[in-house]
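I opened the model today to note helix packing, strand order and cores. My entries follow.

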Amino acid sequence: MKAPETMREKWIIKEEVERIAQLAHIELTEEEKEVFTEQFNRILEFFRKIDEVDTRSIPPMYHVLDIVNVYREDEVGETLPKEGVLENAPKKEEQFFKSPKIV
Amino acid sequence: MESIEESVKIGLEVHTQLTSLKTKLFCNCPSDYRGREPNTLVCPVCLGLPGSLPVLNKKAVKYAIMAALALNCQISEEMIFFRKNYYYPDLPKNFQITQYDRAGGAPLAVNGYLYIEDQGYRKKIRISRVHLEEDPGRLVHVGPIDQSPYTLVDYNRSGVALLEIVTEPDLKSPKEARIFLQKLRNILEHLGIFDGSLEGSMRCDANISLAGGTRVEIKNITSFKEVERALNFEIIRQKGLVEKGITVKRETRHWDEIRRITVSLRTKEEEQDYRYFPEMDLAPILISKSFIEEVKAEMPELPEERIERFMKMYGLPKYDAEVLVSSKSLADFFEECIKLHDKPKEISNWMMSDLLRYLYENNIELYESKITPQKLVDMIRLIEEGVISGKIAKKILPEIIVSGKEPREIVKEKGLIKIMDEDLLNKLADEVFAENQKAVRDALIDDKAIHYLIGQLMRLTKGKADPNIANKIIREKIQKIREKELRKNA
């Protein structure tokens, strides 16, 4: 089902998808860019629905549970065993994780 | 018109580790990562493993409130944490837990200030915010950063508690930036929450603009010694561009400590977009008045109070007290000396003149030297006991500073014990007289020449002659010659 163009004003254009991909360090094909542009717009359509509710008098909620001030004391606990730390690392060198050149 | 130098505006973003904490900000891994084997102080939280949950270190909040109070800030009643998203291997989660002043967020504290003094004028430096965040891991580049073939990552530092302190662009020169950082360090050290002598415990980014130009950000200034250097370089670079008619680009540059230049890092990339959003894994923090009062009650003595106390307790002039309390290690050193030897004025004089001058000229800090309160006191005692002269003390002090040798041993080893033997000094004075016959004649009528002869005797003994005895002997000899001349003429 296709809504009239006036209703479906675009929230996101392809260039923004490219920008988001760049920030996420992933490469997208031309087809994928089209697909994601479409999908992002659909997702944002849902938010438009939420936007219909007037929330001006309601303070923002930062946490789903009604809890505050969850602290721990400054006491040393256990760390991972040395052998385990690098177990899942795709690349390592000695006791280091190895990553591509970063600039 | 304003000169380029006068138009300089500098703002700092300072990151200091809360080095007195035993554990990291959000997990109970030990935070003393220095000199430890890579990736051995880590857990699922600071490695960003799925399913792990951060829990806030209460003491970190307490320390941060202390710092905020000392920096005259307003403390937020409620604060939350945010995720700052960026893809960089120094943080394994691909985001940093930090605080944010937009999107309804409030950092721990805002609107503070600090006064700095430079050559008699006092200046207010506004502090826009103070907040808590986690330190990223340590990246080990193989060679210079822009030539490194790959990067090694150590997450021991990942998650260590950092205090971020941001100033308004109120600093007018690289020197003011250094003075500000020294003052900040002094306060944080007096609070007992920070040790600036630990490598990398204070790092800073600076933004600088001149002549109404674009703001350039300099990252990776890894010690407060480097700040002045990096900013001086940047001013020269930007001035050079302006003189050639080239516009200064808005960009982020990296301070290369080894080559002592700033290098452009993100020319291609557009402005950063960190897509901040609230960190739902952490509950909001309410900072109650009573909690703040509790922290206030525990606040240790701050530098300004300590200066007052030094003046009252030890009878020091204001200037001396200010110099001694300009760093916590210096002030502690002084008070340690007093405990060993209750002569504040003497100790202060030695510290203020010879000790500080040596440290300053050699660009080292007290903790980097080998001198201890005990050694300085021992040296002063040697003078008081008449074993060495003050002149000899001045000579051996650098050696004590550099080698940490016992003053008594240096004196013995080098045969620097004061010469009190009058017969010996008399014989040496004869030599001086024989070699300086003109001065001897002048000395009969001119006091200056007498001083010259005393100086020659001191020189002959390499400063070891007891100055009082040397003085006495030379004057006696001159007097004898005078009497002889008188008799001859009579």
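**Notebook: chain B**

I began with N363(B), which is found in the loop between α8 (344-361) and α9 (373-384) of chain B. Helices here are DSSP runs of H or I with at least four residues, strands are runs of E with at least two, and both are numbered from the N terminus. This is a predicted model, where local features need pLDDT of at least 70, side-chain atom pairs count only at pLDDT 80 or more, and totals for chains, interfaces and linings use all residues. Residues are numbered from 1 along each chain as its sequence is written, chains are lettered from A and ligands numbered from 1 in the order written, and side-chain values use heavy atoms, without hydrogens and water.

**Positive phi**

I read a phi near 50 degrees for N363(B), a positive value in a residue other than glycine. N363(B) counts as partly exposed because its relative accessibility is 45%. The cut-offs are under 20% relative accessible area for buried and over 50% for exposed, with partly exposed in between (1.4 Å probe, protein chains only).

I then looked at N111(B), in strand β7 of chain B. Its phi is also near 50 degrees, positive in a non-glycine residue. N111(B) has 46% relative accessibility, so it counts as partly exposed.

**Sheet**

I traced an open, mixed sheet of 9 strands in chain B, in the order β3-β7-β8-β11-β1-β12-β13-β14-β15. Strands count as paired if DSSP finds at least two bridges between them. Strands β8 (121-134) and β11 (161-167) of chain B run antiparallel over 7 bridges.

**Helix pair**

I checked α1 (58-70) and α4 (289-297) of chain B: their axes come within 10 Å and cross at roughly 75 degrees. Therefore α1(B) is roughly perpendicular to α4(B), a class that spans 65 to 115 degrees. Axes are lines fitted to C-alpha atoms, for helices over the stretch in contact, with angles from 0 to 180 degrees between N-to-C directions.

**Cores**

I found 82 residues in the largest nonpolar core, with L12(B), L108(B), L132(B), F180(B) and L181(B) having the most contacts inside it. Such a core joins buried Ala, Val, Leu, Ile, Met, Phe, Trp, Tyr and Cys residues through side-chain atoms within 4.5 Å. Helix α1(B) gives this core its largest share, 10 residues. Another core lies apart from it, with 38 residues, including A331(B) and I400(B).

Technical notes:
Angles under 35 degrees count as roughly parallel, over 145 as roughly antiparallel, 65 to 115 as roughly perpendicular and the rest as oblique.
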